Amino acid sequence: MLSRSRCAYRALGRPLSAVSQANNVLIRQSASSPSVCSRPLYRKSQLWEFPSSAKCIRYFKSSAVHRDEVVVVKTPAFAESVTEGDVRWEKAVGDSVTEDEVVCEIETDKTSVQVPAPAAGVIEELLIPDGGKVEGGTPLFKLRKGAAPSPAAEAPAAAPPPPSTPVPPSPTPPTSASAAIPPVPPQAAPARPVSAVKPTAAPPELSPSTTGARGEKRVKMNRMRLRIAQRLKEAQSTCAMLTTFNEVDMSNIQQMRTIYKDAFLKKHGVKLGFMSAFVKAAAHALTDQPAVNAVIDDTTKEIVYREYVDISVAVATPKGLVVPVIRNVETMNFTDIEKAINALGEKARKNELAVEDMDGGTFTISNGGVFGSLFGTPIINPPQSAILGMHGIFDRPVAASGKVEIRPMMYVALTYDHRLVDGREAVTFLRKIKAVVEDPRVLFLDM
């Protein structure tokens, strides 16, 4: 009623403060237009006239308009190269979630896509079973919006304490006041069926280990692992793979890192590692040997020579091997490469790599040395034509300047598609990497 009176006084141009002094005010709205005030206004048995065109501004609050609203959350759109994925639920029906909290993950062939809650609320229904296949736009779950109930509200009412042992009455005779109040008999607890009584959960007892137990455990392969297995098998079936080896003396690069690592970290905010030297050396060698950076188009039977260098760096994660791409490495320096590697590694650890981060790539570097590998032959990452395998750095006796010295040495391996890359090009490519890593000054001299 107050808002309607305010409309009438605003139409007359009178101050709004007069509304607070008005008594017995009645405004009748016309049925045809609820936003226009009607003409008659009765105040203390007096009839006031208003123009029919007086507009009424309505004031209202809506504090709980969206409470208990149920929304259906759908699968986000995938990248062009991904068509479907498997759902792994992080929440269950009845769980309370906050806004942007992860409800489930969708595992695709290349990465995992997290699906957050669009608002705070309670999970009302899961529309896809755990491990079910979904496509872009598939309904996933229903969310009832609203603030998540507090733990105090969610906790059930505490059970009444067990009746204590009755205290014998005092031999002192009751006074007149206490005698007037009859004693209240203790109220019996409501009867419950035996099935409704939940015993207190006791800590599980560890069963004694059986000597010579021979158990088995079956775990379903996730989509990423299945895709990795499929691609590796395709590489073996398609490429004529051949591997050539060499060894790199890491003395100079270790010395350079020891001298400049603190200043490098202070200025650029990232650590100076060995990976940037090999990535830059690979870009230099790929520019010198374009066949290693090329690929065979089996559809058109053509060789595609790339004029850019996008290097995939293999990163091991708990769900499988991922290969995020560092793009346009030929234009980058050591600092740019270290920052790119650090950013991609952080995204991989947080499971935030997108499909776009792993699409493309003209060459791959796999560093098994971080796990202590001494020697190995990497497998090509199709549709690329070659892959460089790095291994661990170990002190070994080598011949240097006519005498035997102990040097930090690393074995490197280049696996290449012999259909496209000849042995001469592969060996030249690997020697170019060896020369740049052993003496980075080669880069400045463009040797």
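Lys 347 forms a salt bridge with Asp 357, and their closest N and O atoms are 2.7 Å apart; by salt bridge I mean a side-chain nitrogen of Lys or Arg within 4 Å of a carboxyl oxygen of Asp or Glu. Lys 347 lies in helix α7 and Asp 357 in helix α8 (residues 355-358), so the pair ties together parts that are 10 residues apart in sequence. Helices (H or I, at least four residues) and strands (E, at least two) are DSSP runs, numbered from the N terminus. Lys 347 is partly exposed at 28% relative accessibility, whereas Asp 357 is buried at 17%. Buried stands for under 20% relative accessible area, exposed for over 50%, and partly exposed for what lies in between, with a 1.4 Å probe and protein chains only.

A word on the source. The model is predicted, so local features need pLDDT of at least 70 and side-chain atom pairs count only at pLDDT 80 or more, while totals for chains, interfaces and linings use all residues. Residues are numbered from 1 along each chain as its sequence is written, and side-chain values use heavy atoms, with hydrogens and water left out.

The whole structure holds 14 salt bridges. In one of them, the side chains of Asp 249 and Arg 407 meet at 2.5 Å, N to O. Asp 249 belongs to strand β12 and Arg 407 to strand β21 (residues 403-417), so this pair ties together parts that are 158 residues apart in sequence. Asp 249 is buried, with a relative accessible area of 14%, and Arg 407 is partly exposed, at 21%. Arg 407 also meets Glu 405 in a salt bridge of 2.7 Å, N to O. Glu 405 is partly exposed, at 22% relative accessibility.

Together with Leu 374, Phe 375 and Phe 394, Phe 245 forms a nonpolar patch on the surface, with about 360 Å² of accessible area in total. Such a patch is made of residues with over 30% relative accessible area and no salt bridge, nonpolar side chains (Val, Leu, Ile, Met, Phe, Trp, Tyr) being joined within 5 Å. The areas come from the Shrake-Rupley method with a 1.4 Å probe.

I turn now to the pockets. A pocket is an open set of points on a 1 Å grid over the protein atoms alone, with protein on both sides within 12 Å along at least five of seven lines; lining residues have an atom within 4 Å of a point. The largest pocket has a volume of about 1,100 Å³, a volume being the space filled by probe spheres set on the points. Its lining numbers 40 residues, and Met 275, Val 313, Ala 314, Asn 367 and Val 370 lie nearest the centre. Helix α7 supplies the largest share of this lining, 8 residues. By class, the lining has 21 nonpolar, 14 polar and 5 charged residues.

The second largest pocket holds about 690 Å³ of space. Its lining has 28 residues, with Arg 231, Leu 321, Val 323, Asn 381 and Pro 382 nearest the centre. Here α4 gives the most, 6 residues. The lining divides into 14 nonpolar, 7 polar and 7 charged residues. In these counts, Ala, Val, Leu, Ile, Met, Phe, Trp, Tyr, Cys and Pro are nonpolar, Asp, Glu, Lys and Arg are charged, and the others, Gly among them, are polar.

How values were computed. 1 Å grid on protein atoms, 1.4 Å probe; cavity = no way out; pocket = protein on both sides within 12 Å on 5 of 7 lines; lining within 4 Å. Patch = residues over 30% accessible without salt bridge, like charges linked within 9 Å, V, L, I, M, F, W, Y side chains within 5 Å.
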